[in-house]
Amino acid sequence: MRPRVLEYDVHSCSSYSASYLPENIKTNNPQDQSSRWSSGSNNQMQYIMIKLKTMGIAHTITFGKYHKVHVCNLKEFKVFGGLTTSNMTELLHTGLRNDSEPETFLLKHKTNSVVFPCQYIKIVPLMAWGPNFNFSVWHVEVKGIPDPELVQETYFQYINFRETESVRLCLKHFRQRKLFEAFKALQDRTGIQLEDPLLTRLHQELVVRGNFKRAEQLMMEAAGRGLFDDYIQSYDYKPIWKRLRSNSHRQGLHHHHHSHQAHMEESPRHRGGHQMCIDAQGGYVYLMGGWDGARDLADFWAYHIPSQAWILISADTSLQGGPGARSCHKICYSPQHRAIFLLGKYVDPDNRSKVDLSSDFWRFDIDPTSPPHGRWTKICGNTAVVNGPELIYDHQMCLDPVSQTLYVFGGRVVHLDKNVQHYSGLYSYHIPSGVWRLLRADGHPPPKQDGSTILRSRIGHSMLYDDMTQSLVIFAGQMNKDYLSDFYVYDIAADRVIEVCRDYNKQGGPEAGFTQRATISSAGREVYVLSGLVKDRALGAETVKNSFWVDQGSWQKIFQNSNPDLGEPSDPEPVPRYAHQLVYDEVNEVQYLFGGNPGEQGNMSKRLDDFWELRLYRPKSDEIVRKAKYLLRTQQFKELCQRPNTSHHNQSSKALRFLQTELSSVVDQSNRTESDDFKSLIRGLLIGAFSASTGNTATQTNDAAHRPSFPFVTRALYRDRTLLYEKLLEFFAEEMKQPKGDLTDLVKVG
């Protein structure tokens with residue numbers, strides 16, 4: 001059902017000032033500066049609450065604004081919703097841009113896959129755009145589903161969900177406290193299961209019986225059934241950087257009489273504004289050109305991934321009939337053609353009257369008998385005369401392998417007059433036919449299929465081809481002095497631009513940036529972004545900050561380095577930079593980073609020549625099983641040390657043998673925490689730290705190390721095993737396990 005506007009009345013507010021009454025938010029009058037609610041204070045206790053005329057499922061909330069920027073606009077706020085004013089759920093946490101455009105946000109309306117309706121919606125301002133100013137809300141519109149039958153059905157489902165969760169919390173509470181009779185009686189009466197049957201068996205074997213061997217078998221069974229997949233997918237990536245050294249092969253054609261230095265180089269020299277592309281199947285990373293801080297470069301290199309060696313294909317491509325020295329151009333590899341395409345370059349304003357400003361377009365065909373070598377061909381001397389772009393720089397180019405079409409978007413046109421700021425549009429180039437088409441021109445009204453969406457041209461942005469959806473992903477960059485953090489998708493088949501987000505920074509994504517580098521894993525449905533030059537919104541200044549982000553439908557920051565003082569060869573991570581290059585090897589799941597501009601104050605000509613690989617770590621199922629065995633055997637070792645009715649010598653000997661054989665075999669010695677904990681277990685055994693003590697022993701023992709240890713379990717031991725069981729639950733999907741909450745947390749004091 002299509003969402004409709006939900007009518008409401010203002011229920012209450014914390015305060016208001018002068019004639020800025022809370023009822024004003026019901027009217028959208030952007031020309032009237034008094035048509036708003038304004039709080040009487042600027043502390044974080046302020047709010048305005050509305051009551052829907054009928055209970056509904058709220059999908060979106062739209063905030064209207066004054067027709068000019070205003071200091072009282074909400075820079076940060078939260079929205080809560082609920083059936084009553086005393087029990088509300090956070091639906092949104094974001095902020096408004098300080099402009100005149102209305103903004104619409106999605107509201108959370110599901111929890112644990114259950115849709116919940118709202119009667120009340122509460123807006124809580126946290127910060128205004130002007131420091132120390134009161135908060136203003138000009139207009140609020142809520143859209144959602146008001147259909148009485150659907151809302152009523154949803155309401156009963158939600159109430160039933162809460163009833164079920166209440167029973168499950170009771171079951172969890174009873175089992176944690178060994179109230180087995182109460183647990184069984186409640187479960188039999190309600191027919192509600194606390195968790196997946198496999199987890200019930202795991203609890204029985206581990207917590208109740210102390211059968212550690214059987215507990216390990218159940219964890220292995222879970223791995224075999226793929227029950228850890230959700231945990232693996234939700235696991236925050238950990239970055240593993242490695243600086244690469246080269247066993248270089250100085251191959252290629254060397255005919256330049258000034259290229260003696262190039263002859264001696266074993267890897268590409270320092271540079272920024274260079275270009276890279278990758279042939280993942282063939283195992284080559286290609287690098288061409290750039291700016292070394294003093295001049296443009298014309299060298300052409302390939303890094304052979306299997307041998308970890310740089311190969312100098314050419315010290316000067318112009319001497320092999322190829323393009324001349326350049327920077328801020330673009331290269332793109334086509335697997336079908338085994339060819340690299342090159343377009344664009346930057347020309348210094350002082351030299352533009354002295355050189356040809358034609359937009360040359362090149363192709364490098366790789367020789368299948370002697371890769372990575374090949375032959376250059378000039379496809380066109382000037383793409384502008386064949387319906388293609390003018391000479392541009394800082395643009396983006398990528399390939400649609402299905403239609404064998406190159407797409408070029410954005411970039412600044414190189415004009416003879418340096419004061420002319422003209423941005424290039426979106427073009428396509430069909431490789432088999434050699435035909436250029438202009439798809440979107442900058443500054444022109446959008447075509448009908450785009451609706452009101454305007455794709456602004458820009459420089460230093462990112463554009464990727466997603467082969468799963470056969471679309472282009474376009475985001476960030478700079479236009480004039482504006483740093484952008486918008487996100488668009490161009491649907492190739494429909495010839496349609498879709499705005500996904502106007503400001504992904506507000507949704508927890510990267511800061512607005514320039515020359516950030518992005519790659520994509522279509523198979524993994526992930527976009528990777530390494531930031532470059534960013535705009536510090538608090539200071540309003542440019543700063544070099546490298547943070548690595550992954551977009552999987554929501555943004556996750558996995559690495560940040562803004563320390564410019566690092567940079568020695570022994571450093572574990574690359575120094576901050578911009579104008580660098582990043583490519584992704586989808587075969588081996590590795591990112592490759594080379595060079596860039598560190599933006600070093602006092603040394604603005606400095607460029608970098610370091611080469612890095614980045615691997616993103618997530619555990620595999622067998623690693624989770626190993627970790628589970630480590631946790632289980634650690635607990636088993638401690639219990640062996642605590643067993644009564646044996647001599648201290650026999651007890652220690654048995655525990656030591658277990659530690660040396662069973663436990664040591666599952667310790668990850670590369671994990672410092674595990675290694676240190678293992679050493680502390682050895683020390684604890686020697687000093688008797690785990691010896692049996694009153695209240696933490698069982699009434700009888702079983703000498704077989706892998707058999708149930710205690711028919712009767714003391715309260716302290718039961719607690720320890722319960723904590724271990726709940727630690728193992730972290731590896732399972734939410735819908736399989738007991739609820740997260742605790743019954744005692746619901747008790748309010750005072």
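Colleague: Where does G210 lie?
Modeller: G210 lies in the loop between α3 (197-208) and α4 (212-224). Helices are DSSP runs of H or I with at least four residues, strands are runs of E with at least two, and both are numbered from the N terminus.

Colleague: Is G210 buried or exposed?
Modeller: Buried, because its relative accessible area is 0%. Buried means under 20%, exposed over 50%, and partly exposed in between, with a 1.4 Å probe and protein chains only.

Colleague: How should I read the numbering and the model?
Modeller: Residues count from 1 along each chain as its sequence is written. This is a predicted model, where local features need pLDDT of at least 70, side-chain atom pairs count only at pLDDT 80 or more, totals for chains, interfaces and linings use all residues, and side-chain values use heavy atoms, without hydrogens and water.

Colleague: What separates G210 and L632?
Modeller: Their C-alpha atoms are 10.0 Å apart. Along the chain, G210 and L632 are 422 residues apart.

Colleague: New topic. How many disulfides?
Modeller: Zero, counting pairs of cysteine sulfur atoms within 2.5 Å. C13 is in no disulfide; its nearest cysteine sulfur, that of C72, is 15 Å away.

Colleague: What about C328?
Modeller: C328 is in no disulfide either, and the nearest cysteine sulfur, that of C277, is 17 Å away. C328 is buried, with a relative accessible area of 18%.
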